Amino acid sequence: MLILLPILLPIVMGSILLVASFVEHLKKNNDYQAESDQELSKIHLFSVAGLVVSAALAIYVGLQKGMSCTLFYLLEDLPIYFAVDSLSLLFVTFISIVFVLVGIYSCVYMKHEHEEKRFFGFYLIVYGVLVGLDFAGNLVTLYLFYEFMTLTSMPFVLHNGSHESTMASLKYLFYSMCGAYLGLFGIFVLYQYAPSLTFTAGGVMSVLSYNGNTAIMLVAIMCMLIGFGAKAGMFPLHAWLPSAHPVAPSPASAVLSSIIVKCGVLAIIRVVFYIAGPSFIAGTWVQYAWMTLSLLTVFMGSLLAFREPIFKKRLAYSSVSQVSYVLFGLAVLTTTGFEGALLHTVFHAFIKCALFLTAGIFIFKCHITRVSDLQGIGKSMPITLWCFTFASLGLIGIPPTSGFISKWYLALGALQSDIGAFRYVGPAILLVSALLTAGYLLEIVVNGFFPKEGTEIKSYGKEPKAMWIPLMVLAGLTLGLGVLPNGLIEFISTIASSLF
Amino acid sequence: MSEMIMPIVVLLPIVFGLTIPFVPLKSKKAKMFYVEGIVLVTSILAILMLLNQPTAEFTLFRFTDYLNVSFRLDGVGSVFVGICALLWPLATLYAFEYMEHEEHQPTFFMFYTITFGVSLGIALSQDILSMYVFYELLTMVTLPLIIHSLSREAIHATRKYLYYSLGGAAFAFIGVIFILVYGDTANFTAGGVLDLVALADKKELLTLVFFLCFCGFSVKTAMFPFCEWLPTAGVAPTPVTALLHAVAVVKAGAFACIRVTYYCFGPELVKGTWAQTVLMCLIIFTIVYGCSRAIKETHIKRRLAWSTVSNLSYILFGVILMTPLGLVGALCHMCFHAVMKITSFFCAGAIMHKSHTNYVHELDGMGRKMPFTFIVYTISGLALMGVPGMCGFMSKWALADAALTDGSPLAIAGVVALLISALLTAIYMMTVTVRAFFPGKDFDYSKLDGVKDPTWMMLLPFGLFVIAMIVFGVNAQPFVDFFTNIAMALM
């Protein structure tokens with residue numbers, strides 16, 4: 001039962017905040033009044049403490065290998081079942097790190113947005129749901145938490161209440177639901193033909209089980225790839241991402257863009273490597289379609305980011321592109337590719353989070369949203385811009401930052417595999433996209449430190465501590481994991497070796 | 001003598017319902033207690049009957065030696081009795097508050113209560129003729145409920161309802177005749193009453209008759225192309241739309257389809273014939289068509305009515321699969337959809353009652369003023385979408401399981417239609433929620449002054465329904481077991 005604690009604790013704590021906020025609304029009859037400072041610090045203490053405790057619990061549970069628990073049965077053969085394995089440990093660790101850091105950051109940032117109780121309420125609930133998603137032991141449980149993740153993270157997009165955010169949140173909802181139902185179709189089919197829906201390293205299929213039904217099973221798996229790929233921003237269901245991520249408050253965009261998209265990746269990993277098994281789709285049309293879609297997304301995302309003038313939107317397009325690096329790494333179905341994919345999942349989480357937090361600082365301190373207004377920003381906020389620089393280098397993949405290592409593995413994985421022309425096309429596209437990444441990120445760094453002649457440089461004052469410390473930790477992780485990646489690589493290769 | 005309870009539950013609301021306009025009760029409250037008393041007593045008796053499960057039959061009266069109106073309780077009937085008995089008292093409670101400003105209340109409650117008895121009559125009918133009698137009666141007693149406001153629109157809707165229903169009943173009657181002539185018995189028998197070996201040369205004809213009969217009964221279930229009356233009938237007061245046009249009347253149609261398919265003609269006759277194919281195509285089309293119309297519709301009750309059109313075809317989809325699993329899915333959705341749709345209709349009614357708005361675009365910002373109503377509306381929307389943990393997911397699961405076990409291309413197309421419809425459901429339900437809570441930054445709340453949540457008479461049903469939706473959603477096994485028992489008797 002211990003396994004339920006890190007899932008339920010944040011959900012319960014978040015619900016307390018939401019109920020408190022709801023009661024307040026009823027009392028005040030909707031005349032919004034800002035919370036007093038004292039009340040605010042209480043909310044912050046409550047939320048951050050809740051996050052830290054749940055994160056500690058979650059990681060502790062993650063370390064207990066083989067722990068499992070059946071919560072209840074939807075039907076006799078549909079248990080809501082949780083189980084811990086190395087993959088959940090990996091995901092839960094980086095999710096917890098990001099959530100705690102962003103939680104601290106939000107305490108300051110959210111001062112200029114309203115409704116902090118509601119924000120932190122949903123923030124905690126989303127954390128609980130994500131932990132549930134990581135610990136899910138079968139497809140139905142995964143699907144349950146996947147839907148909940150969409151629904152509970154939607155209020156982030158809605159947060160500021162403007163017309164734009166309403167429309168973006170609906171777009172988010174409809175794309176996610178479309179994806180989820182594609183996934184559900186796959187689950188229906190697999191429930192019929194697969195021997196079990198419980199996650200098993202290397203897949204549950206035996207030759208007997210798909211005898212004669214291979215065609216429909218492949219269609220089902222393709223549906224699931226596209227469906228769960230919607231969350232990961234994979235073409236053709238990617239269009240919601242650049243609309244929804246930027247309108248959320250910056251800490252929420254950071255979480256959406258660095259963590260929630262990864263849950264799409266997690267779902268795909270679970271389906272391909274823990275249900276279908278890599279050998280089942282290796283060499284089939286599904287693999288080729290998947291590679292094509294992911295490479296297309298990589299290229300398209302970078303290109304769109306390159307020509308996007310709004311800072312947060314540019315970062316969102318960049319996420320579209322970068323997460324598809326991960327998907328491509330998975331699609332080549334080799335051990336090295338898989339390792340590269342997981343490494344990039346972790347590194348991109350830290351990097352993209354750092355980038356969005358930087359964007360948040362610029363909005364919070366200077367009210368700048370457009371890239372072109374960031375001229376000379378480095379003069380007044382050197383720490384932020386340095387952190388941004390390191391994170392950018394990581395995303396481009398320049399040694400000694402962590403991004404270099406993951407991209408190295410990704411390229412190597414593609415080259416080692418047996419996938420025809422994709423062996424060379426893949427790495428080539430990754431390289432072109434890296435160049436574009438350099439183009440759209442380094443522009444900001446260069447203009448920030450070396451403004452064009454004649455631009456008036458405003459002074460904005462220093463950024464608050466609670467904002468730059470999390471940022472610095474993330475930038476430090478980007479750099480640190482690049483210099484000392486061995487522990488992580490070894491851990492990931494044990495996961496990979498159990499799958500192939 | 002336990003079978004005596006069957007005519008009692010049918011006749012009690014009919015007889016006492018007739019007295020409602022004439023009882024010499026002065027105060028409004030006393031009348032309310034009287035009406036609620038009748039309904040509650042009937043419900044309690046009906047539930048006692050379900051617990052007792054009388055096995056004997058009871059003949060109410062005879063037309064001729066062979067033709068009679070008689071009752072017997074069986075598994076499928078129990079399901080329909082259960083739905084009606086549990087929902088009617090709550091809906092009546094809700095109607096008190098909703099109808100408080102309307103005219104002709106006694107007449108309204110008279111017919112509302114009589115309908116209860118007639119619906120139970122359909123559920124308890126032992127043979128196809130009795131069912132047909134009550135089925136026609138249902139059309140008649142629900143007419144005054146639709147025409148209630150006496151507006152031009154209401155009269156138009158009533159006329160439409162009448163023509164569609166009578167037309168449907170005429171086709172259904174063909175089926176009734178053929179069953180009476182060719183059937184071994186007129187009584188409902190699991191697996192059908194036709195002796196297929198003896199009637200081998202009539203197979204083609206009987207298939208055609210089945211097709212006509214099914215189409216006839218499916219008018220009440222609003223299968224395409226017979227679906228137009230249902231949204232039009234949305235002009236009726238909300239307790240009518242909610243209970244009759246989401247539960248009792250339309251499910252009586254679905255119930256009749258189940259009876260005709262599994263208990264009269266029998267799955268064996270129809271399975272694999274053109275009739276099954278054509279009906280399934282129509283049903284799959286209705287599933288998507290209803291939802292698409294719901295998105296296009298901006299009148300909130302008509303939108304929900306179109307959603308009902310689509311959801312009713314989920315039930316028919318289960319029925320027409322002609323497998324035990326299909327019947328399980330159909331019965332699941334029959335029960336669960338009843339709860340979900342009555343909830344969303346009640347919310348719509350509460351909104352219309354409190355704010356006098358009818359259209360979706362007028363609901364902006366309303367969520368802040370009526371938070372409980374809109375939260376319940378959202379939950380019912382999530383259930384309709386089939387979010388796991390809610391009852392809608394379980395019935396979708398059961399239907400998809402049945403269809404994929406069947407495995408034919410058309411059945412798989414049906415699963416795809418279910419999922420497309422789920423996505424469309426998300427669109428037409430959730431846009432309302434989001435706009436109600438987030439109308440935009442510079443929205444002027446002052447124009448919503450005076451709008452607030454309804455009183456306990458409306459909120460109590462809401463609360464109970466929400467609990468039901470979640471409990472059924474996380475623990476559907478008892479239902480599925482019960483339905484599986486019913487379905488297994490067919491094979």
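Q: Axes here are lines fitted to C-alpha atoms, for helices over the stretch in contact, and angles run from 0 to 180 degrees between N-to-C directions. With that settled, at what angle do helix 4 and helix 5 of chain B pack?
A: Heads-up: this is a predicted model, where local features need pLDDT of at least 70 and side-chain atom pairs count only at pLDDT 80 or more, while totals for chains, interfaces and linings use all residues. Residues are numbered from 1 along each chain as its sequence is written, with chains lettered from A and ligands numbered from 1 in written order. Helix 4 of chain B covers residues 105-124 and helix 5 of chain B covers residues 128-146, with their axes 9 Å apart. The packing angle is about 165°.

Q: Are helix 4 and helix 5 of chain B roughly parallel or antiparallel?
A: The cut-offs are under 35 degrees for roughly parallel, over 145 for roughly antiparallel, 65 to 115 for roughly perpendicular, and oblique for the rest. The angle for this pair is about 165°. That makes helix 4 of chain B, relative to helix 5 of chain B, roughly antiparallel.

Q: Which helix gives the largest share of the side of chain B that touches chain A?
A: The contact draws 29 residues from chain B and 29 residues from chain A. On the chain B side, helix 16 (391-406), helix 17 (409-437) and helix 19 (477-488) of chain B give two or more residues. That side splits into 20 nonpolar, five polar and four charged residues. The largest share, 11 residues, comes from helix 17 of chain B.

Q: Which helix of domain 1 of chain B gives the most to the side that touches domain 2 of chain B?
A: An automatic or database assignment sets the bounds, giving chain B domain 1 (1-270) and domain 2 (272-491). The domain centres, over C-alpha atoms, are 22 Å apart, and the contact takes 43 residues from domain 1 and 47 residues from domain 2 of chain B. Elements with at least two residues on the domain 1 side include helix 3 (75-98) and helix 7 (203-218) of chain B. The most, 14 residues, comes from helix 9 of chain B.

Q: At roughly what angle do the axes of helix 1 and helix 2 of chain B cross?
A: Residues making the contact include B:Leu12 and B:Phe16 of helix 1 and B:Val41 and B:Leu45 of helix 2 of chain B. The contact residues divide into 13 nonpolar, two polar and no charged. The axes come within 9 Å and cross at roughly 170°.

Q: Why is helix 16 of chain A described as roughly antiparallel to helix 18 of chain A?
A: Among the residues that meet are A:Phe388 and A:Leu395 in helix 16 and A:Leu441 and A:Val445 in helix 18 of chain A. In this contact, 10 residues are nonpolar, four polar and no residue is charged. The pair counts as roughly antiparallel because the axes, which come within 9 Å, cross at roughly 165°.

Q: Where does B:Pro225 lie?
A: B:Pro225 is joined to B:Phe224 by a cis peptide bond, with omega about 5°. Its place is the loop between helix 7 and helix 8 of chain B.

Q: What is phi of B:Gln53 near?
A: B:Gln53 sits in the loop between helix 2 (28-52) and strand 1 (58-62) of chain B. Its phi is positive in a residue other than glycine, near 50°.

Methods:
Two residues are in contact if their C-beta atoms, placed from the backbone, lie within 7 Å. Helices (H or I, at least four residues) and strands (E, at least two) are DSSP runs, numbered from the N terminus. Ala, Val, Leu, Ile, Met, Phe, Trp, Tyr, Cys and Pro count as nonpolar, Asp, Glu, Lys and Arg as charged, and the others, Gly among them, as polar.
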